[in-house]
Amino acid sequence: MSTKRPSVTVRWLDADEERAWRALRRMMIAVQSRTAHDLAAIGLSEPDYEVLSTLSERPGHTSTLREQAAKMGWSRSRLSRHATRMEARGLVRREPDPDDGRGCYLVLTERGLGTLGDAAPTHLESVRRHVIDRLSPADLSALESIACKLEEPA
């Protein structure tokens, strides 16, 4: 079996494109690590907060494991392992999905809702400090526009 890749024309980044790409990567890493640090100080991970906050917005505080994994960009098995740890802490519970014998629902517990309520002010202050308050209204509008373009598949 050959390990050679087929001949492909590579579209290298020019200097402006490379600077923009590297700036985007540095920004994503900086914001994520700073907000994660602030959440860790109160005993939550970013994925914990994402699960809790998205479940709180759903009818009945419930989502299928499949829907939640897709929203987070995770595999179902990765989310299942994470949900097991959250279940052990009483933040979520699982219920069988009658429409999918192999699937289940994730349900936000009262304890999970309380934990989210306690964490929300810290998370919002972190988002403000690391992003919102550092940008002008025009910057925020441009950021939203760019984010919308990039979240769609190419």
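How closely do the axes of α3 and helix α4 approach, and at what angle do they cross? In this predicted model, the two axes come within 9 Å and cross at roughly 105°. That value falls in the range from 65 to 115 degrees, so α3 is roughly perpendicular to α4.

**Helix contacts**

- On the α3 side, the contact with α4 is made by Leu65, Arg66, Gln68, Ala69 and Met72. On the α4 side (residues 76-88), the contributors are Arg76, Leu79 and Ser80.
- Sorted by class, this contact of α3 with α4 comprises 4 nonpolar, 2 polar and 2 charged residues.
- Helix α4 also packs against α2: their axes come within 11 Å and cross at roughly 85°. The helices α2 and α4 are therefore roughly perpendicular to each other.
- From α2, the residues Pro47, Asp48, Val51 and Leu52 meet Leu79, His82 and Met86 of α4. The class count for the contact of α2 with α4 is 5 nonpolar, 1 polar and 1 charged.
- Leu79 of α4 takes part in the contact with α3 and also in the contact with α2.

**The sheet**

- An open sheet is formed by 3 strands in the order β1-β3-β2, with antiparallel pairing.
- The edge positions belong to β1 (62-64) and β2 (92-97); each has a single partner strand, so one side of each is left without a neighbour in the sheet.
- On average, neighbouring strands of this sheet are turned by 30° against each other, direction ignored.
- Strand β3 (residues 100-108) pairs with β2 in the antiparallel sense over 6 bridges, and a hairpin through 2 residues joins β2 to β3.
- Several bridge partners can be named along this pairing. Asp97 stands opposite Asp100 in β3, Glu95 has Tyr105 of β3 as its bridge partner, and Arg93 has Val107 of β3.
- The antiparallel strands β1 and β3 are joined by 3 bridges. Ser63 has Leu106 in β3 as its bridge partner.
- Helix α3 (residues 65-72) lies across β1 and β3 and runs at about 85° to β1.

**The largest pocket**

- The largest pocket holds about 1500 Å³ of space.
- Its lining consists of 30 residues, of which Met28, Val31, Gln32, Glu46 and Ala147 are the closest to the centre.
- Two or more lining residues come from each of α1 (15-40), α2 (46-57), α3, α5 (110-130) and α6 (137-151).
- Helix α1 gives the most to this lining, with 9 residues.
- By class, the lining of the largest pocket has 18 nonpolar, 5 polar and 7 charged residues.

Key
Residues are numbered from 1 along each chain as its sequence is written. This is a predicted model: local features need pLDDT of at least 70, side-chain atom pairs count only at pLDDT 80 or more; totals for chains, interfaces and linings use all residues. Side-chain values use heavy atoms; hydrogens and water are left out. Two strands pair if DSSP finds at least two bridges between them. Helices (H or I, at least four residues) and strands (E, at least two) are DSSP runs, numbered from the N terminus. Axes are lines fitted to C-alpha atoms, for helices over the stretch in contact, and angles run from 0 to 180 degrees between N-to-C directions. Contact means heavy atoms within 4.5 Å. On a 1 Å grid over the protein atoms alone, a cavity is a set of points where a 1.4 Å probe fits but cannot get out, and a pocket is an open set with protein on both sides within 12 Å along at least five of seven lines; lining residues have an atom within 4 Å of a point. Grid points are joined across faces, edges and corners, and a volume is the space filled by probe spheres set on the points. Ala, Val, Leu, Ile, Met, Phe, Trp, Tyr, Cys and Pro count as nonpolar, Asp, Glu, Lys and Arg as charged, and the others, Gly among them, as polar. Angles under 35 degrees count as roughly parallel, over 145 as roughly antiparallel, 65 to 115 as roughly perpendicular and the rest as oblique.
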